[in-house]
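Colleague: I am new to this structure. Please walk me through it, one question at a time.

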Amino acid sequence: MSLFSRLKATMAFLLITLATSATLMSPHLGTTHAASTSSTLANWPQVGENPQHTCVNPSERVLSPSTVSRLTLAWSYTTRSEGVSGAVVANGLVYVAALDGTLSTLDARTGSLTWHYTASSALESSPIVAGDLVYVGSFDGTVYALNATSGALQWRSTLGGHIYNAPTLVQGVLYIGAAVDTRRLYAHTLSALDAATGKLRWSYMLPGYFLFTTPAVDRGVIYVGSDAGRVVALDAATGKLIWTFAAGGTVYAAPSIANGLVYVSTSAGGRTLYALVARTGKPAWSSMIDGESGFGGMAAIYRGEVLIGSNDRGLYALNARTGTLTWSYLPPDGDGGFFGSPAVANGVVYVSSYGVEMALDTRTGRRLWSYTTGGVIYVPTVVDNGMVYVGSSNGTFSAFALQQGSREKQART
């Protein structure tokens, strides 16, 4: 088996995490169970909520530590496939990509199918919504721009190679990675495309064979990691290298940026979290949060703390400036696998451990609510104006809201 095949076999299980991938979801085979909600949907339009990947929704007011215990299942969309991708939410729609090449949109209030588009190959990355367009990359190296309301194709651009991580869009430029075959070896390029036309502006060859992370962008600089154990900073306008940092292990999770620091975790000596000075790439501090190396999600940055999960222990809150542990949460059975990235809003952090979605108090780590999905959760959680969204490996995508009784209906598409 080739290097790429071995990596693909592993990624079929774990690339759903990192907030960048999707698994099979066919709108033609699903059943929707819907319940009404009075919430007006805002936006969580891309991986990590924003280009810095802080994983925080600053506008949330409905859910709070005092109300979140009343979350109930608002609707669920069930497929006949295994797994559902991480979602993005914009303009009242939930966008979900699939390995069958389908990008589906669900009504955020009811879960009913609005439209779908079928690409030429598998869609392994979560999409991104900006303005009137939704963007997604496919396994055959094609980037699609579709009308976000109707699904009509606006443009497509071919990068070559394979795309399996989500794009990031800032100031009219789409940044996206692709694995390119160079005589039986795969190298990774990070490309900048004009978001309006799909025209290539520049590309940069990254170290290593695979780019596992979605790029983070802040103040005109792109930050990204690779399986070569490197974190690189590039000028967003030109693609010119600014600095590189040797992390000592594979960088699986996308970086997060706040207050002049870049937070990135690696498999170095276990699951190690680094805080790098954004301007220079020099480490400000590091903390080993897990004795075993492995996959994991992005870190959330909230009120001076870094919230990050490990793949075999718990969820940790660290001082964002010093790395000092503030609190940690370990599931009651002592067996925690926090693969997906957390979502934070209004004093609550939403995170999953294996098949359990839960809400914790950001001040203490106390568990406030939980729900067992029936499948393992590898994808990031999304919280958007009173609703919580998450997909699991049993092929079900679930939405939760504060409801006084529920009204269910079934709809086939």
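This is a predicted model: local features need pLDDT of at least 70, side-chain atom pairs count only at pLDDT 80 or more; totals for chains, interfaces and linings use all residues.

Colleague: How are the rings of Y389 and F397 arranged as a pair?

Modeller: Two values describe such a pair. A pair of aromatic rings is described by the distance of the centres and the angle of the planes. For Y389 and F397 the centres are 6.3 Å apart. Their planes stand at 15 degrees, and planes under 30 degrees apart count as stacked, so the pair is stacked.

Colleague: Is Y389 buried or exposed?

Modeller: The cut-off for buried is under 20% relative accessible area. Y389 has 0% relative accessibility, so Y389 is buried.

Colleague: Which residue forms one aromatic cluster with Y389 and F397?

Modeller: The cluster holds Y389 and F397.

Colleague: How many aromatic pairs does the structure hold?

Modeller: The pair of Y389 and F397 is stacked. Y263 and W285 also form an aromatic pair. The count for the structure is twelve.

Colleague: What kind of pair do Y263 and W285 form?

Modeller: Y263 lies in strand β20 and W285 in strand β22, 22 residues apart. Both Y263 and W285 are buried. Their ring centres are 6.2 Å apart, with 50 degrees between the planes. Stacked needs under 30 degrees and edge-to-face over 60, so this pair is tilted.

Colleague: How far apart are the C-alpha atoms of L402 and A74?

Modeller: L402 lies in strand β33, residues 396-402. At 22% relative accessibility, L402 is partly exposed. L402 and A74 are 328 residues apart along the chain, yet their C-alpha atoms are separated by 8.1 Å.

Colleague: How much space lies in the largest cavity?

Modeller: There are four cavities of 30 Å³ or more. In the largest cavity the space is about 70 Å³.

Colleague: Which residues of its lining are closest to the centre of the largest cavity?

Modeller: The lining has 15 residues. They divide into ten nonpolar, five polar and no charged. Closest to the centre are W44, V47, G48, A87 and P380.

Colleague: What is the phi of R219?

Modeller: Most residues other than glycine have a negative phi, and most peptide bonds are trans. R219 is found in the loop between β15 and β16. With a relative accessible area of 78%, R219 is exposed. R219 is not a glycine, yet its phi is positive, about 50 degrees.

Colleague: And what is the phi of N346?

Modeller: N346 sits in the loop between β27 and β28. Its relative accessible area is 24%, so N346 is partly exposed. N346 is not a glycine either, and its phi is positive, about 55 degrees.

Note on methods
Residues are numbered from 1 along each chain as its sequence is written. Side-chain values use heavy atoms; hydrogens and water are left out. Rings of Phe, Tyr and Trp (its six-membered ring) pair if their centres lie within 6.5 Å; planes under 30 degrees apart count as stacked, over 60 as edge-to-face and the rest as tilted. Helices (H or I, at least four residues) and strands (E, at least two) are DSSP runs, numbered from the N terminus. Buried means under 20% relative accessible area, exposed over 50%, partly exposed in between (1.4 Å probe, protein chains only). On a 1 Å grid over the protein atoms alone, a cavity is a set of points where a 1.4 Å probe fits but cannot get out, and a pocket is an open set with protein on both sides within 12 Å along at least five of seven lines; lining residues have an atom within 4 Å of a point. Grid points are joined across faces, edges and corners, and a volume is the space filled by probe spheres set on the points. Ala, Val, Leu, Ile, Met, Phe, Trp, Tyr, Cys and Pro count as nonpolar, Asp, Glu, Lys and Arg as charged, and the others, Gly among them, as polar.
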